[in-house]
Amino acid sequence: QALAIWAVIVAMEQPMTSRLMGTGHARMLVRSAGLNAGLNILLNLLLVPQHAMGWGPTGAAVATLASTSASYVYVRGQSRRLHGIRWVDGHQVRIAAAGAILAGFWWSAPRWAGAHWFDRAWELGLWGLAGLGVYLAVLALVRELHGKDLHFLQYVAHPRSLLAELRGR
């Protein structure tokens, strides 16, 4: 459940990340990623082991949710400071709704498909791809998926162009 909420937060952060990357603020995004990773490691060390809080897998999910939320708030604040982006706008609401539908899809999938379809890593990978398809379809239906978004994703998926973006070129 914590990871379903995490998926919604990641989805809400994407438009800001795209804008900041496209306006030459890659270093700030690297700082955000560092904040996310560092906090995630720290929280995992505190929440997961038996000699600490002992929450096990639940602690790992909570750590991921908390670190991503901190990163989201940081990027959100920087987007507001740099570009005047409001804390909540129509795009955020539509993307959050698409993320909520995706979370509902993943939450309900074991109930209608059967838990035995979630036993192996490759099955989880297929469910992840199915969820991506659901998410992209919903984004397209609410008109939040545009050709420029797909072009940008294709561009940064190539290691050379991603490295150039990270270097600010």
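Okay, so the largest pocket here holds about 980 Å³ of space, a volume being the space filled by probe spheres set on grid points joined across faces, edges and corners. Quick caveat: this is a predicted model, with local features needing pLDDT of at least 70 and side-chain atom pairs pLDDT 80 or more, while totals for chains, interfaces and linings use all residues. Numbering runs from 1 along each chain as its sequence is written, and side-chain values use heavy atoms, leaving out hydrogens and water.

By pocket I mean an open set of points on a 1 Å grid over the protein atoms alone, where a 1.4 Å probe fits, with protein on both sides within 12 Å along at least five of seven lines; lining residues have an atom within 4 Å of a point.

So what lines the largest pocket? There are 32 residues, and Gln-14, Pro-15, Ser-18, Ile-95 and Asp-149 lie nearest its centre. Two or more residues each come from α1 (2–22), α4 (90–113), α5 (121–141) and α6 (147–157); helices are DSSP runs of H or I, at least four residues, numbered from the N terminus. The largest share, nine residues, is from α1. By class, the lining has 18 nonpolar, eight polar and six charged residues; Ala, Val, Leu, Ile, Met, Phe, Trp, Tyr, Cys and Pro count as nonpolar, Asp, Glu, Lys and Arg as charged, the others, Gly among them, as polar.

Now, salt bridges: a Lys or Arg side-chain nitrogen within 4 Å of an Asp or Glu carboxyl oxygen. The count is two. In one, Glu-144 pairs with Arg-94, closest N and O atoms 2.7 Å apart. Glu-144 sits in the loop between α5 and α6, and Arg-94 in helix α4, 50 residues apart.
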